[in-house]
Amino acid sequence: MAFQEFNDTGYWGKPTATIDWCEKNYEVNYYVAEMLVGFGSLAFHMTLLYEMQLFDELPMVWGTCYCVYCLSIVKHDMRSKIIPNKLLLLTLIIISIGFAIIYLAWPQPLLQHFCYGILVAISLAQEIKLILEFKCAVCKRMFMVAIALYLFGFFLWNIDNILCKNITILREQIPIFIQPFTQMHAWWHIFAGYGVYIQVLFCIHSTYDYHKKYKHSSVLLPEHMYFSIRWQKTTKRGDCCSSAVNDLGQSTFHLSSALL
């Protein structure tokens, strides 16, 4: 548990969560215990209640299981009505349900960190395998950007954990309008969420790149600082990962830019 010197009780009462972070509870708002990003994190950090903590931590494992499955079926014929890779799908469903049951009975944060970490490592291994097999420059670039953002966020989070007391003292000595920028845990959510979002775009791009659905007219490329991917026309015929771009394609795919 991170250093916590200030622990006033706000609207939601005494924290019951198994984890409390470096931020001072209810320092800014009587209704908000800590800074928050995303729906699950909002519920957890706003209340610091164990029930809301589950909204933050269970979807992390479930969502990564879904990502592992999607990456495993990149080569599947999208026109087929047969559910692909049924054994893996069943295994991931069992893992998701089993983890939830065990975590409810034994709410140890290290268990969640371990399961989530293993699943993330599996998904990264899948992405590296796809990059090596497809030899797609766009996939490689998206992967590197996502990893860099995620690791940088993880680095900031560990600074918050290790140097919490020092950061808290420093925060009290700087102007109030600068203080929010020193919340390293909040920055972790932003950078990690952005990195995971780009990994979702990676999954979409690698699927269409493999099937080469529009290879004679367009390529699927990231834009808007990796907040979206869109079909763009290329001068290189048949090169799905060409960087030569002329006009925008007729088909456009935009995903929501909301962070996790």
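**Close-up 1. Helices H5 and H7 pack against each other in this predicted model.** Axes here are lines fitted to C-alpha atoms, for helices over the stretch in contact, and angles run from 0 to 180 degrees between N-to-C directions. Let us start with H5, which spans residues 137-162, and H7, which covers residues 184-211. On the residue level, the contact of H5 with H7 is made up of 22 nonpolar residues, six polar ones and one charged one.

**Close-up 2. Trp 157 and Trp 188 form a stacked aromatic pair.** The structure has eight aromatic pairs, and this view shows one of them, with 4.9 Å from centre to centre and 25° between the planes. Trp 157 belongs to helix H5 and Trp 188 to helix H7, so the pair ties together parts that are 31 residues apart in sequence. Both tryptophans are buried. Look around them and you will find a cluster in which ring pairs link Tyr 150, Phe 154, Trp 157 and Trp 188.

**Close-up 3. Helix H4 crosses H7 at roughly 35°.** H4 takes in residues 109-134, and its axis comes within 12 Å of the axis of H7. This crossing, too, is left-handed. From H4, Leu 124, Glu 127, Leu 130, Ile 131 and Phe 134 meet Gln 199, Phe 202, Ser 206, Asp 209 and Tyr 210 of H7. Sorted by class, the contact of H4 with H7 holds six nonpolar, two polar and two charged residues.

Conventions
Residues numbered from 1 in each chain as written. Predicted model: local features only at pLDDT ≥ 70, side-chain atom pairs only at ≥ 80, totals over all residues. Heavy atoms only, no water. Helix = DSSP H or I, 4+ residues; strand = E, 2+ residues; numbered from the N terminus. Nonpolar A, V, L, I, M, F, W, Y, C, P; charged D, E, K, R; others polar. Phe/Tyr/Trp six-rings, centres within 6.5 Å; stacked < 30°, edge-to-face > 60°. Buried < 20%, exposed > 50% of the residue type's maximum accessible area, 1.4 Å probe, protein only. Left-handed = near helix turned anticlockwise from the far one by under 90°. Contact = heavy atoms within 4.5 Å.
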